[in-house]
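Thanks for coming. I will take one chain today and go through what can be read from its coordinates.

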Amino acid sequence: MTSEREKMVAGERYDPSDPELVAARERARELTARYDDTAPGADGERREILERLLGSVGEDVSIEPPFHCDYGEHVHVGDGFYANVDCVILDVCRVEIGDDCLLGPGAHVYTATHPLDPAERAAGEEYGEPVAIGDRVWLGGRAVVNPGVSIGDDSVVASGAVVTEDVPEGVVVRGNPARVATEIE
């Protein structure tokens, strides 16, 4: 029998009120609360918490508190990752973030989504779609990356942009919905 966790990670509809998932979210809340309460300069303590919270953590990673995620264990960040304050990653599915990426203040990455049919949505089931962010990507402040999106290497998502479709390599996107504004030389 497939568990609700297995269905969730596979991108299938699942019941978020499942006790195992509730416990996993609570674990993430406890760890993020501990992280958010660390003192400035407590790099060793922060690293230890991130290694317990996230699926994988590269070298030279820095996330400014406060930070929020649903589960944490589905978030994978590469070397040189930096997230400014108020970053939110809703990780019901895998979130892969490459090396040397920057997330501006209040950047949000979502894998969680809901059925469009109102009756199905009211029934409480959810599902997710993974997000992949390449190397050397910069998400500006308050940028939003929606479920199922991939962002190519060396691209920039302008502040406040809402990314609803894949972003190619080496471009700047802006707007809502985000569209290519320019290519990066």
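**Starting from one leucine**

Let me begin at Leu103, which sits in strand 8, residues 102-103. Bear in mind throughout that this is a predicted model.

Is Leu103 buried or exposed? Its relative accessibility is 3%, so it counts as buried. Setting aside the neighbours within four places in sequence, what does Leu103 touch? Its contacts are Phe81, Tyr82, Ala83, Asn84, Cys87 and Leu139. For a sense of distance, take Val22: it is 81 residues from Leu103 in sequence, and the two C-alpha atoms are 27 Å apart.

Now the whole chain. It holds four helices and 19 strands. The radius of gyration is 16 Å, close to the 16 Å that the globule rule gives for 185 residues, so the chain is as compact as a globular protein of that length. Along the principal axes, the C-alpha atoms fill a box of roughly 50 × 40 × 25 Å.

Of the 185 residues, 46% are buried. The accessible surface is about 9000 Å², and carbon and sulfur atoms account for 49% of that area. Among contacts with a separation of 6 or more, 26% are between residues 24 or more positions apart. On charge, there are 16 positive and 38 negative side chains. The centres of those two sets are 4 Å apart.

Last, the backbone. As background, most residues other than glycine have a negative phi, and most peptide bonds are trans. Here are some places to check against that.

Which peptide bonds are cis? One joins Pro65 and Pro66, with omega about -5°. Pro66 is in the loop between strand 2 (62-63) and strand 3 (67-69). Another runs from Asn176 to Pro177, with omega near 0°. Pro177 is in the loop between strand 18 (171-174) and strand 19 (179-183).

Asp86 is not a glycine, yet its phi is positive, at about 65°. Asp86 is placed in the loop between strand 5 (82-83) and strand 6 (87-90). With a relative accessibility of 34%, Asp86 counts as partly exposed. Asp154 also has a positive phi of about 65° without being a glycine. Its loop is the one between strand 15 (150-151) and strand 16 (156-157). At 31% relative accessibility, Asp154 counts as partly exposed.

Notes:
Residues are numbered from 1 along each chain as its sequence is written. This is a predicted model: local features need pLDDT of at least 70, side-chain atom pairs count only at pLDDT 80 or more; totals for chains, interfaces and linings use all residues. Side-chain values use heavy atoms; hydrogens and water are left out. Helices (H or I, at least four residues) and strands (E, at least two) are DSSP runs, numbered from the N terminus. The radius of gyration is taken over C-alpha atoms; the globule rule is 2.2 Å times the number of residues to the power 0.38. Buried means under 20% relative accessible area, exposed over 50%, partly exposed in between (1.4 Å probe, protein chains only). Contact means heavy atoms within 4.5 Å. Accessible areas come from the Shrake-Rupley method with a 1.4 Å probe; for residues, only the protein chains shown count as cover. Lys and Arg count as positive and Asp and Glu as negative; His and the chain ends are not counted. The place of a charge is taken as NZ of Lys, CZ of Arg, CG of Asp or CD of Glu.
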